[in-house]
Amino acid sequence: MKVELLAYTPDADKIVAAAAKLCYAKSDIDTLLDGLTPEKTENFLDMLTSLGHQSPVEHASFTFGIEGVSRALLAQLTRHRIASFSVQSQRYVSKCNFEYITPPEIEAIPEAKAEFIAAMEEDAKHYQKLQEILKNSHKSRLISEGKSEKEADKAAEKAANEDARFVLPNACDTRIIMTMNVRSLYNFFTLRCCNRAQWEIRELATQMLMLVRQAAPILFKNAGPSCVRGKCTEGAMTCGKMIEVREKFSKKANEI
């Protein structure tokens, strides 16, 4: 897995503090940023947290480049609706000899790993065979409709990908560019940094959190699973490891 912070709102902490200041002070737009020292910025952001007033944090957004993740992860990621996604297309990009993500539990058991690899290789064979059959069929049709061989070949390959992809597994790799505002990221980190989250999206969320903490440390100092801020909200489903989780995210923050 590779995660990069591609772009983000400059001075995100300060922009959010200015938005909060607008809500609670008489300052006009031209003077909003005046006097917003790091200390005052942090005070405004702490006030927002104490009041549960989250709309000002929506003014800052962060864009991530993500690769080496599975289509299974993508299905979970897109459940976070207040976000923008651009995903590598399986219609326009051939996935012959596709790379795949191996779950750690499968990796750890030789018998399971061997079965998994065999399944991936079998899927790849079926994909390539389907792609070949479909491409030949589409190409013949397109030539008969008057396209040149070069034009027909190019169009046929894309058309073949569209249906051949149906045999690709959830483990198939993908690449994503994703943008979220801070409010959505708070929700994302609360749910996906939690021990109850699936292992792959939990790793993604943890890496993302470390990146945004570097860019906007005040905004994200309390971000993470619910237990880093107080009581676990998972109820009967709690992992029971709140102290360990708090130490984990505190240690990671100190490593930045």
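The structure is a predicted model, in which local features need pLDDT of at least 70, side-chain atom pairs count only at pLDDT 80 or more, and totals for chains, interfaces and linings use all residues. Residues are numbered from 1 along each chain as its sequence is written, and side-chain values use heavy atoms, with hydrogens and water left out.

Lys135 sits in helix H5 (residues 110-144); helices (H or I, at least four residues) and strands (E, at least two) are DSSP runs, numbered from the N terminus. Met120 also lies in helix H5, and at 6% relative accessibility Met120 counts as buried. Here are the two residues with their partners. Contact means heavy atoms within 4.5 Å, and neighbours within four places in sequence are left aside.

| Residue | Relative accessibility | C-alpha to C-alpha distance | Contacts |
|---|---|---|---|
| Met120 | 6% | 8.9 Å to Phe98 | Phe98, Tyr100, Pro169 and Ala171 |

Four strands form an open sheet in the order E1-E2-E4-E3, with antiparallel pairing; two strands pair if DSSP finds at least two bridges between them. At the edges are strand E1 (2-8) and strand E3 (84-87), each pairing on one side only. From one strand to the next, the twist averages 20°. Strand E2 (residues 61-70) pairs with strand E4 (residues 173-181) in the antiparallel sense over nine bridges, and Phe64 stands opposite Met178 in E4.

Helices H7 (residues 182-192) and H8 (residues 199-215) make the next stop. Their axes come within 9 Å and cross at roughly 135°. Axes are lines fitted to C-alpha atoms, for helices over the stretch in contact, and angles run from 0 to 180 degrees between N-to-C directions. H7 and H8 are therefore oblique to each other: angles under 35 degrees count as roughly parallel, over 145 as roughly antiparallel, 65 to 115 as roughly perpendicular and the rest as oblique. On the H7 side, Leu185, Phe188, Phe189 and Arg192 meet residues of H8 including Ile201, Arg202 and Leu209.

Terms used
Buried < 20%, exposed > 50% of the residue type's maximum accessible area, 1.4 Å probe, protein only.
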